[in-house]
Amino acid sequence: MYTQALDSQPQSPPPDSAAEDALAARFQARVDAEDKIEPKDWMPEAYRQTLIRQISQHAHSEIVGMLPEGNWITRAPSLRRKAVLIAKVQDEGGHGMYLYSAAETLGVSRAQLVGQLLSGAAKYSSIFNYPTLTWADVGAIGWLVDGAAIMNQIPICRCSYGPYARAMVRICKEESFHQRQGFEIMLTLARGSAAQRAMAQDALNRWWWPSIMMFGPSDADSRHTAQSMRWKIKRFSNDELRQKFIDITVPQAQFLGLTIPDPQLRLDEASGHYAIGPIDWSEFHAVLKGHGPCNHERLEARRAAHAAGAWVREAAAAHAAKLAARAAA
Amino acid sequence: MNQDWPLFEVFIRSRAGLEHRHVGSIHAADPAMAIEHARDVYTRRQEGVSLWVVPSAAIIASDPAEADSLFEPARDKVYRHPTFYEIPDEVKNL
């Protein structure tokens with residue numbers, strides 16, 4: 001699923017020597033020429049650190065993203081819905097694995113990355129700190145959250161860093177079914193009983209603004225957009241992607257007969273774009289800082305899973321050591 | 001446990017007749033587990049009919065910093081390509 005344009009830590013400019021300057025100029029020329037950067041190539045330290053942070057945050061988001069939907073696997077309303085939801089949650093786990101592997105090519109270990117998630121030091125997409133209260137939330141997540149994620153992720157398929165770009169191609173290919181199955185759930189509910197329609201509307205009411213905020217702070221407040229664009233890690237600004245998402249999603253909501261929870265939403269005839277009301281960024285920052293409805297619960301679930309799996313990891317390592325010893329004897 | 005399981009590179013043959021192609025990597029305690037994890041992570045949609053897993057540490061790679069000198073010898077040998085030779089249009093099947 002799921003990348004979010006997270007606000008990242010400030011970077012200090014690299015200490016420069018003449019040799020480093022020459023390498024940096026050559027690096028930038030390659031990036032400008034749309035050449036891909038591969039793991040063993042020289043790269044500026046700040047580029048490496050930015051990628052490690054972005055790819056690992058993206059990986060963490062996939063892994064934590066399994067939790068809100070996993071919550072509904074046992075209660076999916078039919079065997080078909082259950083099989084689909086299991087496949088989707090498995091995909092999110094797989095996407096996390098692709099991305100951790102890509103991050104590891106930059107010289108960081110899996111254990112370090114997982115440690116950063118479990119200690120709370122690493123960020124993940126704030127959208128997963130909201131609860132899934134009803135079955136309609138599973139539909140709304142697929143439709144809106146995966147929809148927003150796809151919008152964010154497609155440009156990353158052309159990212160300058162090869163392993164990240166290749167992981168994103170694979171992820172985007174698999175992601176399309178996630179959004180369609182979500183829309184199908186919403187459509188079924190929207191065409192159902194009054195209670196089902198109300199449930200779908202309630203899910204849209206709760207997921208609309210958090211989905212809009214998935215694109216990250218507005219361009220005026222996004223400190224690293226310019227550098228990431230120069231490095232071709234990022235291709236479009238947060239606000240451009242957000243606008244694209246709004247423009248394609250509003251007509252889908254109209255098709256469903258549901259109302260977007262924004263009284264100021266209107267089509268601007270001149271530009272052909274939908275204009276929305278003000279975004280409550282205080283909520284976004286509060287959730288990012290750990291004060292969302294489920295931040296605590298999500299991290300606890302990951303920690304508990306990691307602790308409960310410790311004996312499996314140890315037993316597998318012991319078994320492998322025994323096999324290796326036997327083979328050597 | 002702060003020690004990662006060893007890393008394996010994963011190669012998939014998408015169908016008989018094609019070569020195995022690198023798709024990514026996987027951590028596993030031993031080779032049998034590497035195959036199973038590679039299956040789960042990289043072939044959820046029938047992407048392949050055969051898997052290779054190779055310990056990442058066993059791969060010997062050329063150094064990108066030396067790519068110029070390594071590949072330079074082939075650069076001025078355009079006569080290795082058929083388009084180097086000019087043949088009159090009237091001559092067929094050549």
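**A tyrosine in the core, and what lies beyond it**

Mentor: Leaving aside the neighbours within four places in sequence, A:Y47 is in contact with A:F27, A:I37, A:S160, A:Y161, A:W231 and A:I233, where contact means heavy atoms within 4.5 Å. This is a predicted model, in which local features need pLDDT of at least 70 and side-chain atom pairs count only at pLDDT 80 or more, while totals for chains, interfaces and linings use all residues. Residues are numbered from 1 along each chain as its sequence is written, chains are lettered from A and ligands numbered from 1 in the order in which they are written, and side-chain values use heavy atoms, with hydrogens and water left out.

A:Y47 belongs to the largest nonpolar core, which has 97 residues. Such a core is a set of buried Ala, Val, Leu, Ile, Met, Phe, Trp, Tyr and Cys residues joined through side-chain atoms within 4.5 Å. Buried means under 20% relative accessible area, exposed means over 50%, and partly exposed lies in between, using a 1.4 Å probe and protein chains only. Along with A:Y47, the residues with the most contacts inside this core are A:L51, A:I55, A:Y161, A:Y164, A:W207 and A:W208.

Helices (H or I, at least four residues) and strands (E, at least two) are DSSP runs, numbered from the N terminus. A:F27, A:Q28 and A:V31 are the buried residues to look at in α1(A). Seen down the axis of α1(A), the buried residues fall within an arc of 95°, so they line one face of the helix. The arc is that of the directions from the helix axis to the C-beta atoms. This buried side packs against α2 (45–70) and α8 (225–230) of chain A, whereas A:A18, A:A19 and A:R26 are exposed on the other side. After α1(A) comes A:E34, with a positive phi near 65°.

Another positive phi in chain A is that of A:K232, near 55°, in a residue other than glycine. Most residues other than glycine have a negative phi. A:K232 sits in the loop between α8 and α9 (238–256) of chain A and is buried, with a relative accessible area of 18%.

Chain B brings in strands. An open sheet of three strands has the order β2-β1-β3 in chain B, with antiparallel pairing; two strands pair if DSSP finds at least two bridges between them. β2 (20–27) and β3 (50–55) of chain B stand at the edges with a single partner strand each, so one side of each is left without a neighbour in the sheet. Strand β1(B), residues 7–13, is joined to β2(B) by seven bridges and to β3(B) by six. Across from β2(B), B:F11 stands opposite B:H22, B:V10 stands opposite B:G24, and B:I12 has B:R21 as its bridge partner. Towards β3(B), B:E9 stands opposite B:V54. Five of the seven residues of β1(B) are buried, so the strand is largely enclosed by the rest of the structure. The hairpin of β1(B) and β2(B) has six residues between the strands, and B:G17 in this hairpin takes a positive phi near 100°.

One more residue of chain B is B:N93, in the segment after α2 (67–71) of that chain. B:N93 is not a glycine, yet has a positive phi of about 55°. B:N93 is exposed, with a relative accessible area of 82%, whereas A:K232 is buried.
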